[in-house]
Every structure is written in C-alpha cells, then in structure tokens.
Amino acid sequence: MEQDLIGAFAFLLAYLIVLLFSSKRFIHLLQLEAYQAGGYLKSACRSFLRLWLPLAGIYAFALTAGAVFGFLLSANMPSAASYIGDGALIAGGALYAALTSTKKAKKPLVFTVRIKRLYGCLALLYFILAGLLSIVSIETGYGYWIGSSLGSSLGSLILSKAALYVLLPLLPLLVALGSLIMLPIENGIRKWYFNDAKNKIALLPHLKKVGITGSYGKTSTKFILGTLLSEKYKVLVPPSSFNTPMGLTRMIRERLDGTYDVFIAEMGARRAGEVRELCELVKPQYGILTSVGKQHLETFKSLENITKTKYELIESLPKDGMGFFSSDNDICFELYMAAKKPKALYGLTDRGEPLLMTARDISVGTQGSRFELVCGDGGSARCTTKLLGLHNITNIIGCAAVAYTLGLSLSEIARGIGKLEPVEHRLQIIPTNNGVTVIDDSFNSNP
C-alpha cells in the first residue's frame, strides 16, 4: 500500500508538471490578447482545431489506453494496468507540451514577472483541483469501481486518479480562470508601477514628450522621428511595439533619466480610453496622428469609436502643445479641421490648407527613394533615404514637421533622413551580387 501511495504522489507531481508545460501555448495566447479574458477565449475558440482538439485527443487516448491495457493485463498484472493508463496520459501531455513549446511565433511568449506570477497561480490552482478531484473520486467510489472492474483491488487507489484526466482538456478554461483570479493582484501592482512612472516623468520638466498614434504607421513613424531628432537631441525611443501602458511604464522606470532631451511614446489601443490612459502617463506636448482606419473593429465595434480613441491624443495635448495631422488620410484631415488646439498639417495631398511640410519630385530606385522636402515657409532640402513606398514618404514628412517645430534645421533633418534604416521585413532592400535586388516585405503589416 505504501508503494502505491508513493506511485500516486509521483503521478500527481508528474501530472502537475505536464499541466503547467501544456498550459504554455494558452498562456502565450493570453499574453498576445493583452491578458483580456474575452479576447483570449475568442482566440482560443478560433484556434479550436489547432490548440484545443489535440488536448481532447490526448485525453481520449489516455483513457482508451488505460482501459485496453487494463483489460489485457488485469488477470496477471493488475497493478501494472493502472500505471499504463497514467503513463499514457503523462506521455501524451508531455508530447503536446513539447510540440507546442517548439512552435515558432512572430511574437514569442515573453516570461515577464506577470507571467511567472500567473504560472505560480496556475500551479496552486491545478494542485487544489487535483486534490479535490481525487477526494471526490475516492468518496464516490469511482476509483474503486474502476479498480474492481480491472480485477485489481490493490490498484484501485491509484486508479482513483482517473478523475484528474478531465483537467487536461479543460486547460484553456483553467488558464482563463487563473488570469481572473490574479486580476485584482495584477491591477494593484499595475497601478503602483504606473503611478511610480507617472511621478518620475513629472520630475523631468525639461523633457520634450511626443505621442504617436494611428491605426497604422505608428512604429515606423516612431523610429523615423527618433533618428531625425537624434541629430540634435538625446532621444529615448522604446524598442519594437512598446505601445501599452505597462510597456511605456517599464521604459520610463528602467531607462528614462535626466540625460534625455526627448521621449517618444507610441500609443496603441484596442478599446476606447486606452490612448487617454497613455496620455495620462506621458503627458505629451506634441502629438502625431498618422492615420485612422478600420483596424481592431472586433474590439472597437465601429469606425466612430476608433476615431474618437485616436483623437484622445490631440485632446490631451496642453494649450502650448501642437498636434500634427496627415493630409493623406481623409479622417485625419477631418479631425484637423475640427481641432481647436494648435495644429499643423503635413503630407503629399493638397487639400487647400497650408502644409507645414510636404515633398515633391519623388523618385524611386534600387537604393531607395529621393525627394525634395519642402517646408511651408518656403525652405527646401534634397533628401535621399533607403525607405520605399509613398506611405513611408508621408511618415518622413510628418516626422520632419515635428523635428522642424522642435528646432532642427532642414539640413539637419535631411542628414537624419539619409540615416534612416527600414524596419526589418517591411519593404527592406536586400542587395545581392547577381544583379537582382530583393525587397523583403514579409512582415504581417497593414495593407
């Protein structure tokens, strides 16, 4: 009996480890959905065949293997029958965990402190549920019935763990439950970090802060502006798509100090109010509205909600700040016309309103693009860049308008434009030595 108890506990430990490793794919999905339970469950349902069905298959395989081998071995090796069913479940779960953990993703799972806390919560949750299921199974006689049917009274205690098998196909829901359990704790931690970053940036009155939002073009514009402003200032540009409250909070707390002159904040959003929250943190004096379009309609529900949310950046600007609008986007131009705060228009489209910055004589070659940057006061400068596409010219013009407003000369701006590098996999020119020029545009960007 002692040996059976040791075996039962060994199985329980191994099973909990398998559950935690098998949860990785769903935890990754939760992180990609910004820890929003609703969005996560919708994504899990959409990925039913790819993620959920294999779990159910492993569950069915384990029970079938246990029953078949239990029947075949019940006469001569009754104890072994129970271990085979356990082994089938452990092996199947381990296989699922191994296959999903090696799957490549555009945005891999980042083991942040929050993810580690979630893993700890799930470990405790799985342990409690496993214990409760074991007790229920034993108290109801379910395990003894299985053990007797296989001709093994000694193995009945171990087979009482059969009820635990149901946890594996329920993993997607259990990950959501763990996230909900942690929500009050995470909100408290998040609020503390957010306020700490807010206080820190408020203690840097000399810092110039630029917010960038839009349905597309935010990340490219951020890197372009950072390069241009670096011709005169020390600029902090958050890496990648750091455009969430916690992403910017982390940058402010860990990297921003009094040596920087400019902080550029990309502001992403999937729901109304999220840009306003980022503005509450950063308090930008300058704001760039790159575009407004039908992105994230699943969460925004309507183009009107998207428009209002993007305009939250302009509404948050101080009276001595300035908003920059693209003339190449219809909705941006409408918002420009409606804006009551200091504002400027930039772009390639002449809509009868003065353009602070535009471009003409645009040409494209195997080395990139060339154009003449034209300022609203009459000044101009010839520019060459490795970037391709009219949308990138618009992004450059917008950044040039901000840089000019912040005191850079046209020659400094042109020098910065010459240093621009394409974002990886976004119209990236890859020269070869065989006369062929490759343009890598394989990033899953907005059309």
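A salt bridge is a side-chain nitrogen of Lys or Arg within 4 Å of a carboxyl oxygen of Asp or Glu. With that in mind, let's explore this predicted model, which holds 16 salt bridges.

**Salt bridges between parts of the chain**

| Pair | N to O distance |
|---|---|
| Glu-231 and Lys-419 | 2.8 Å |
| Glu-312 and Arg-276 | 3.4 Å |
| Arg-276 and Glu-315 | 3.8 Å |

Start with Glu-231 and Lys-419, which form a salt bridge. Glu-231 sits in the loop between helix 10 (218-229) and strand 2 (235-236), while Lys-419 sits in the loop between helix 17 (410-418) and strand 10 (428-431), so this pair ties together parts that are 188 residues apart in sequence. Is Glu-231 buried or exposed? Glu-231 has a relative accessible area of 17%, so it counts as buried because the cut-off is under 20%. Lys-419, at 48%, is partly exposed.

Now look at Arg-276, which forms a salt bridge with Glu-312. That pair links helix 14, where Glu-312 lies, to helix 12 (residues 274-282), where Arg-276 lies, and the two are 36 residues apart. Arg-276 also meets Glu-315 in a salt bridge. Here, too, helix 12 is linked to helix 14, with Arg-276 and Glu-315 being 39 residues apart. Arg-276 is partly exposed at 43% relative accessibility, and Glu-315 is partly exposed at 45%.

**A closer look at Glu-312**

Helix 14 spans residues 303-315. Within it, Glu-312 is buried, with a relative accessible area of 4%. Which residues does Glu-312 touch, leaving aside neighbours within four places in sequence? They are Ala-272, Gly-273, Glu-274, Val-275, Arg-276 and Cys-279. A polar atom of the Glu-312 side chain lies 3.0 Å from the backbone nitrogen of Gly-273.

**Strand 1 and its partners**

Strand 1 (residues 208-213) has 5 of its 6 residues buried, so the rest of the structure largely encloses it. Strand 1 pairs in the parallel sense with strand 3 (residues 262-266) over 5 bridges, and Val-210 has Ile-264 as its bridge partner there. Strand 1 also pairs in the parallel sense with strand 4 (residues 286-289), over 4 bridges. In strand 4, Leu-289 is the bridge partner of Thr-213.

Definitions and conventions:
Residues are numbered from 1 along each chain as its sequence is written. This is a predicted model: local features need pLDDT of at least 70, side-chain atom pairs count only at pLDDT 80 or more; totals for chains, interfaces and linings use all residues. Side-chain values use heavy atoms; hydrogens and water are left out. Buried means under 20% relative accessible area, exposed over 50%, partly exposed in between (1.4 Å probe, protein chains only). A polar contact is a pair of N or O atoms within 3.5 Å; within protein, one must be able to donate a hydrogen and the other to accept it, and residues adjacent in sequence count only if both atoms are side-chain atoms. Contact means heavy atoms within 4.5 Å. Two strands pair if DSSP finds at least two bridges between them.
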